[in-house]
Amino acid sequence: MAFELPPLPYAKSALGAKGMCEETLDLHHGKHHQAYITALNGFVEKDPALQGKSLDEIVKSTAGAGGPVFNNAGQHWNHIIFWQCLSPNGGGIPGALEKKITEDLGGVAKFKEDFKAAGVSQFGSGWAWLVLGSDGKLKITKTPNGSNPLATGEGKVLLGVDVWEHSYYLDFRNRRPDYLQNFVDALANYEYAEAQLKAA
Ligand code: MN3
C-alpha cells in the first residue's frame with residue numbers, strides 16, 4: 001500500500017498567531033512533505049525488496065547505505081512527527097516533562113538554550129531533537145538532511161524541529177535562531193512530548 005500524506009492535526013491558519021503562517025504550512029505540508037512521499041512511493045513501486053515494509057523498517061534498513069530511498073523515507077518519518085510537535089496552544093511545558101527536563105537537562109531555561117543551539121549549529125539542512133535515550137535520560141541531538149534518531153539509534157523521539165530553510169524562510173527569513181526561539185517558547189507541543197515520555 002502506498003504511503004499517504006497525513007492530515008495536519010490543526011487548520012493551516014491555526015499557527016499564524018504562533019509564528020507559522022498559512023502559506024508556510026501550505027507549502028511545507030502540501031508540497032514539500034508530499035514530494036517526499038511521492039518520491040518514496042516511486043522507489044517502492046520499482047523495488048520488490050521494499051514492498052510490504054513499514055516506514056520504520058525502510059528507514060532502519062536503508063540508514064547505513066543512505067541514498068535517495070533513505071532520504072525520502074526519513075523525511076516522511078520526520079514530518080509525520082513534526083506536525084505533531086506544533087500546536088496552536090504550544091509553549092507550555094506540563095509538569096512531568098518539566099520535572100524530567102530539570103533532572104536530566106539542567107532546567108527549562110538550559111533545555112531551551114541547548115535545544116536552540118543544536119538547531120542553530122546544524123550546518124545546512126536537518127533537524128534538532130529531544131530524545132529519551134536507552135539509558136532512560138533525556139538528550140538533545142541533531143541530524144543532517146533526512147536522518148533522525150530512529151536511523152542513528154539515539155533514542156525515542158519526544159520532540160523534533162525542522163531546520164530546513166523551507167520551514168522558516170517565509171516567517172523568519174534567514175533568522176533561524178529566531179525561528180527556534182519561537183519554537184521553544186510558543187509553538188512546541190510539549191503535551192505531545194510528555195505523552196511520548198509517558199508511553200516510553
Ligand atoms: Mn521540512
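Biologist: At roughly what angle do the axes of helix α5 and α8 cross?
Modeller: Helix α5 spans residues 108–121, and α8 spans 176–187; helices (H or I, at least four residues) and strands (E, at least two) are DSSP runs numbered from the N terminus. Axes are lines fitted to C-alpha atoms, for helices over the stretch in contact, with angles running from 0 to 180 degrees between N-to-C directions. These two axes come within 9 Å, and they cross at roughly 145°.

Biologist: Before we go on, what pLDDT do local features need in this model?
Modeller: Residues are numbered from 1 along each chain as its sequence is written, and side-chain values use heavy atoms, leaving out hydrogens and water. The model is predicted: totals for chains, interfaces and linings use all residues, side-chain atom pairs count only at pLDDT 80 or more, and local features need pLDDT of at least 70.

Biologist: Back to that helix pair: which residues of α8 make the contact with α5?
Modeller: Contact here means heavy atoms within 4.5 Å. On the α5 side you have K112, F115, K116, G119 and V120. Their partners in α8 are R176, P177, L180, Q181, F183, V184 and D185.

Biologist: Which side chain is joined to that of K116 by a polar contact?
Modeller: K116 belongs to helix α5, and beyond residues up to four places away in sequence it touches P177, L180 and Q181. A polar contact is a pair of N or O atoms within 3.5 Å; within protein, one must be able to donate a hydrogen and the other to accept it, and residues adjacent in sequence count only if both atoms are side-chain atoms. At 2.9 Å, the side-chain partner of K116 is Q181.

Biologist: Why does K116 count as partly exposed?
Modeller: The scale runs on relative accessible area: buried is under 20%, exposed is over 50%, and partly exposed lies in between (1.4 Å probe, protein chains only). K116 falls in the middle class because its value is 23%.

Biologist: Is H79 buried or exposed?
Modeller: H79 is also among the α3 residues that meet α1, and H28 is among those on the α1 side. With a relative accessibility of 0%, H79 is therefore buried.

Biologist: What is the handedness of the crossing of α1 and α3?
Modeller: The two helices pack at an angle of about 140°, with axes 9 Å apart. That makes α1 oblique to α3; angles under 35 degrees count as roughly parallel, over 145 as roughly antiparallel, 65 to 115 as roughly perpendicular, and the rest as oblique. A crossing is left-handed if the near helix is turned anticlockwise from the far one by less than a right angle, and right-handed if clockwise. Here α1 passes α3 in a crossing that is left-handed.

Biologist: Which residues of α3 does α2 meet?
Modeller: The axes of α2 (residues 55–62) and α3 come within 9 Å and cross at roughly 135°, and this crossing is left-handed. From α2, the residues involved are L55, D56, I58, V59 and T62. Across from them in α3 are V69, F70, A73, G74, H76, W77 and I80.

Biologist: Which residue's backbone oxygen does the side chain of T143 reach?
Modeller: T143 is in strand β2 and is buried at 1% relative accessibility. Its side chain makes a 2.9 Å polar contact with the side chain of W129. At 2.8 Å, the T143 side chain also reaches the backbone oxygen of S147.

Biologist: What is the phi of N145, roughly?
Modeller: N145 lies in the loop between β2 (138–144) and α6 (149–152), and it is partly exposed at 41% relative accessibility. Although N145 is not a glycine, its phi is positive, at about 50°.
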